[in-house]
Amino acid sequence: MYRIALLPGDGIGPEVVNAAVKVLKIAGEKFNTEFEFKTALIGGSSYDKFKTPLTDETLDVCYSSDVVFLGAVGGPDWENLEHHLKPEAALLKLRKALGLFANLRPARVYNSMLENSSLKADVLKGTDVLILRELTGGIYFGEPRGYDDEKGFNTMIYTKEEVERIARKAFEFARQRNKRVASVDKANVLEVSQFWRKVVVEVRKDYPDVQLNHMYVDNAAMQIVRDPKQFDVILTSNLFGDILSDIAAMITGSLGMLPSASLGTKYALYEPVHGSAPDIAGKGIANPIAAISSAAMMLKYSFQMDKASEIIENSIENVLSKGYRTKDIFKEGDKLVTTEEMTNLIIEEFEKIVATQ
Ligand code: NAD
Ligand code: IPM
Ligand code: MN
């Protein structure tokens with residue numbers, strides 16, 4: 001039995017979490033695994049009720065679960081709150097509290113989606129990138145931070161230990177993939193990046209079979225859209241990884257397609273890369289694939305249910321290859337479906353594949 005803490009959050013968060021839970025329930029049934037779900041508030045929905053975006057109760061639900069599954073937080077209603085009351089601050093606090101330093105954001109292109117991206121099909125074909133984003137350090141957490149009437153400031157800081165452990169992860173994931181790491185920094189301007197580079201080079205000595213190159217973040221942003229196939233694992237810091245992963249979302253066709261896993265030494269959290277999408281919230285049209293794919297990552301990385309995870313991925317691929325698309329990935333000639341329809345199609349496909357095994 002696995003205990004899953006569900007934090008639906010705000011905007012489309014609850015809509016896509018709902019979709020992922022439906023898929024997880026079927027996967028549990030078919031693979032004789034029991035999942036126990038406990039739902040708790042986070043973000044704006046928690047603020048509205050408790051005047052804080054993250055209660056101790058929600059933290060306790062997370063600590064006492066095997067994994068956390070999160071939707072999204074934030075929205076226009078809460079954007080003018082003080083920093084520590086913002087929905088986003090809750091997510092950062094949770095990542096830190098659970099020690100989730102390694103954020104995996106894989107971007108690959110399904111063949112049937114080649115024409116649904118704003119990038120050209122021949123640029124995309126065969127792309128399979130893993131962005132490994134440091135998640136509990138850097139400018140997101142550095143002190144001092146703040147603003148007054150005259151100035152605003154943040155601190156970008158990385159310790160040796162923080163860079164070492166994320167670099168090690170990058171080389172280890174690369175070993176299971178195509179053995180190439182691109183470390184992305186801004187070492188031509190920032191001392192913190194110079195330091196990052198030095199530590200990464202040091203760690204690489206334990207992984208001589210993995211190729212390492214360094215790239216400045218401005219160039220990396222351009223290279224991801226120019227020729228994404230050149231990348232295998234992109235190792236980068238918290239802020240650069242945030243930006244580069246939204247860019248990389250266009251490899252998949254939409255931000256609504258990009259899943260993520262956040263891993264530490266004890267806990268794990270799974271969430272779509274996208275936010276609460278206030279512009280489409282409540283309409284039932286959000287793309288549930290990022291969330292469903294994050295659930296597939298959860299089965300693989302936390303529960304060793306590799307087969308079930310692979311079948312979910314194949315189900316998504318098959319549904320897409322039949323031309324079904326939510327609005328964000330729709331083009332003329334495709335079959336437009338809602339969040340719920342897309343979810344049910346993926347479940348039908350899942351059941352069909354399991355039946356033939
Ligand atoms: P966003 O990711 O919410 O949306 C960006 C664009 O992508 C929007 O046009 C949206 O409609 C579209 N989009 C995103 N997910 C989609 C999906 N599943 N299906 C279809 N279309 C989708 O980013 P934003 O608009 O910059 O931010 C909105 C709020 O979300 C902000 O408060 C922000 O802080 C928050 N946010 C939260 C997370 C998170 O919880 N992990 C991540 C990013 C942004
Ligand atoms: C993400 C989001 C978060 C981040 C925000 C909501 C705190 O943009 O997960 O990509 O910047 O890490
Ligand atoms: Mn982001």
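Start by selecting strand β8, residues 180-185: five of its six residues are buried, so the strand is largely enclosed by the rest of the structure. Keep in mind throughout that this is a predicted model.

β8 and β9 pair in the parallel sense, over six bridges. To see one pairing, pick Ser 183, whose bridge partner in β9 is His 214. Then follow the chain between these strands: from β8 it passes through helix α7, residues 191-204, and on to β9, in a β-α-β crossover that is right-handed.

Return to β8 and select strand β10, residues 233-236. This pairing is also parallel, with four bridges between β8 and β10. Here Ala 182 stands opposite Ile 234 of β10.

Now turn to the ligands. Select ligand 1 and the 22 residues that surround it. Which of them are closest? Gly 74, Gly 256, His 274, Gly 275 and Asn 287. By class, the shell around ligand 1 holds eleven nonpolar, seven polar and four charged residues.

Move to ligand 2. Around it are Gly 74, Glu 88, Leu 91, Leu 92, Asp 242, Val 273 and Gly 275.

The next stop comes from a record. An unreviewed UniProt entry places the feature "binding site" at Arg 95, Arg 105, Arg 133 and Asp 218.

Arg 105 lies in strand β4, residues 102-108. Is Arg 105 buried or exposed? It has 23 C-beta neighbours inside 10 Å and therefore counts as buried. Leaving aside residues up to four places away in sequence, Arg 105 touches Ile 131, Arg 133, Ser 245, Leu 258, Ser 260 and Val 273.

Finish with Arg 133, in strand β5, residues 128-134. Arg 133 is buried, because 27 other C-beta atoms lie within 10 Å. With residues up to four places away in sequence again left out, Arg 133 touches Asn 103, Arg 105, Thr 236, Asn 238, Gly 241, Asp 242 and Ser 245.

Terms used. Residues numbered from 1 in each chain as written. Chains lettered and ligands numbered in written order. Predicted model: local features only at pLDDT ≥ 70, side-chain atom pairs only at ≥ 80, totals over all residues. Near = placed C-beta within 6 Å. Nonpolar A, V, L, I, M, F, W, Y, C, P; charged D, E, K, R; others polar. Buried ≥ 20, exposed ≤ 12 C-beta atoms within 10 Å, placed from the backbone. Helix = DSSP H or I, 4+ residues; strand = E, 2+ residues; numbered from the N terminus. Pairing = 2+ DSSP bridges. Right-handed = clockwise from strand over helix to strand, strands pointing away. UniProt positions renumbered as here; feature names shortened; annotations may be inferred. Contact = placed C-beta atoms within 7 Å.
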